[in-house]
Amino acid sequence: MSPRPRRRPRPAVTALLTASLAASLALAPAAGAAAGGGPEGRQDGRQDGDRALRARLQELVDRPDGPPGAIAVLREDDRVRVIRAGTAELGTGRPPLAEDHMRLASAAKAFSGAVALRLVDCGLLGLDDTLAARLPALPADWGAVTLRQLLNHTSGLPDYSRAPAFGDLLSADPHHVFDSRRLLDFVADEPLEFTPGTRYQYSNSDNIAVALMAEAATGQRYEDLLASEVYRPLGLTRTSLPSGYRLPRPYLHGYDVEPPAPPQDVSTEYGASGSWASGGLVSTPADFNAFAAAWAGGPLIGDATRAQQRTFVDGASEPAGPGTNHAGLAIFEYTTRCGTVYGHTGNTPGYTQLGAGTADGRRSLTVSVTTQVNQSGTPDLLAHLRAVEEDFVCALLAP
C-alpha cells in the first residue's frame, strides 16, 4: 500500500465462533521444489513441471529490475510443493524458505475481511451496517457507507495514505509510530469521492474502517480478533500485526531495485502502524498459503456468507492479479486461461504478494517476490509477474 521508497543514505534503513477448523501446513525444506507421492508417471510429470515453474521464477529474478528472491507455495490437500529462485538475503546465498517472515502488504485486507465476515456469520455485524450506526464519531457525510461497500471498495472514502500530511510524516520519519485507530483523521475533513455503491475505487481507508467496525461491534481490539477468528482457527503460528518496523527472524529481505544502482534493503525501512488493518500484517509463505486456501473456499465462513463474499463487481486488486480481475468482499476473482481462483494481492516497499485458492479450498497458491511491483512504478515488471502468476495458477489447477 505504500509508495515506492526514496533512496536514502546507507545504512537505511476469547473466540467469537466455536467452529473447529483444520488447515495447517507442514512444509519440508526443498532445494527447488518438493513433491509428495502419487503414480510414478504423474510424479515425473509434476517434477518436470516444477522445473519449468522454477525457470519462470528465475526469469523474474534475472531481470535487471527483478526481485532478488522469489518463492511460491502450491498446495493440493496435504500435498505441498515449494518453488523458489534467488536468495532470501543478498550476499548470503541463503535461499527463500517457506518459514521466512515477510510483509503481506495489502493482502492483509483479506484478513480484515475474514474477521468482519466471521462476525457477520455469528450476527455481531451486518453487511448493511453503516458507519453512522457503528462509528458515529466519523464524519457525518460518510455515514451512509456500509460494511459491504467498504469490503468491495465501493465506499467512496478518500484514501488516507494519499493525504499530504500522512506522506510528510512518513517521509520525515519512516519509523514514525502512528495511532493506527486515528489514521482516518488524515482525511476527516474530506467528503466522499463519489456516492457509495456507484463505482469501484480501491482505497486503503476502507479496511481501516472495517477493523474499527469490528472493534465497535465486539469491544475487542482488532489484533485480538485476528488471533481468535483467524490465527487460532487456521493454526497460523507465524502471522502477526506489529506496530513497529522490525521483522521476526528469519525473514525474506525486501529490496528497492532501481537499476543501475545496486538493490537497497528496505525490509525494515517503514513501520507497520501506518498501514495496520490495510497492509501491516507479517506472515510466512506457509501461513499465507494456509490462509489463502481457507479464505478462498474453506470452512472459515458459512455458505450464506460465502455467497455474499463472492458477489463481484468490476475492479482489480492492487496490483492486478493474474488474468481478468473482479472484486468481491475482501477477495478478488482471478479468471485465467486455465480456470478461476480467488484471492488477494499486495505491494509495499520490498515486497509483492499473491495469495489465491480454489472455490472448494482444496488447492491454494502463494507467490511472493522481494521487491515492490505495481502499475505506477514498474508496469513492465508487473506484466511479466502477472504472466508468471498465471502459469502458476495453471499448474495449481492441472489434473
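1. Two strands are taken to pair if DSSP finds at least two bridges between them. In this predicted model, strand β8 (residues 324–327) and strand β9 (residues 332–336) are joined by four bridges in the antiparallel sense, and within this pairing H326 stands opposite E333 in β9.

2. The pairing of β8 with β9 belongs to an open sheet of eight strands, whose order is β2-β1-β12-β11-β10-β9-β8-β7 and whose pairing is antiparallel. At the edges of this sheet are β2 (79–86) and β7 (313–314), each of which pairs on one side only.

3. Helix α11 (residues 379–397) lies across a series of strands, namely β1 (69–76), β2, β8, β9, β10 (339–348), β11 (351–357) and β12 (363–369), and runs at about 155 degrees to β12.

4. Turning to the helices, the axes of α2 (residues 108–121) and α7 (residues 222–234) come within 10 Å and cross at roughly 85 degrees, which means that α2 is roughly perpendicular to α7. On the α2 side the contact is made by F111, S112, A114, V115 and R118, which meet Y222, L225, L226, S228, E229, V230 and P233 in α7. By class, the residues of this contact comprise eight nonpolar, two polar and two charged.

Conventions
Residues are numbered from 1 along each chain as its sequence is written. This is a predicted model: local features need pLDDT of at least 70, side-chain atom pairs count only at pLDDT 80 or more; totals for chains, interfaces and linings use all residues. Side-chain values use heavy atoms; hydrogens and water are left out. Axes are lines fitted to C-alpha atoms, for helices over the stretch in contact, and angles run from 0 to 180 degrees between N-to-C directions. Helices (H or I, at least four residues) and strands (E, at least two) are DSSP runs, numbered from the N terminus. Angles under 35 degrees count as roughly parallel, over 145 as roughly antiparallel, 65 to 115 as roughly perpendicular and the rest as oblique. Contact means heavy atoms within 4.5 Å. Ala, Val, Leu, Ile, Met, Phe, Trp, Tyr, Cys and Pro count as nonpolar, Asp, Glu, Lys and Arg as charged, and the others, Gly among them, as polar.
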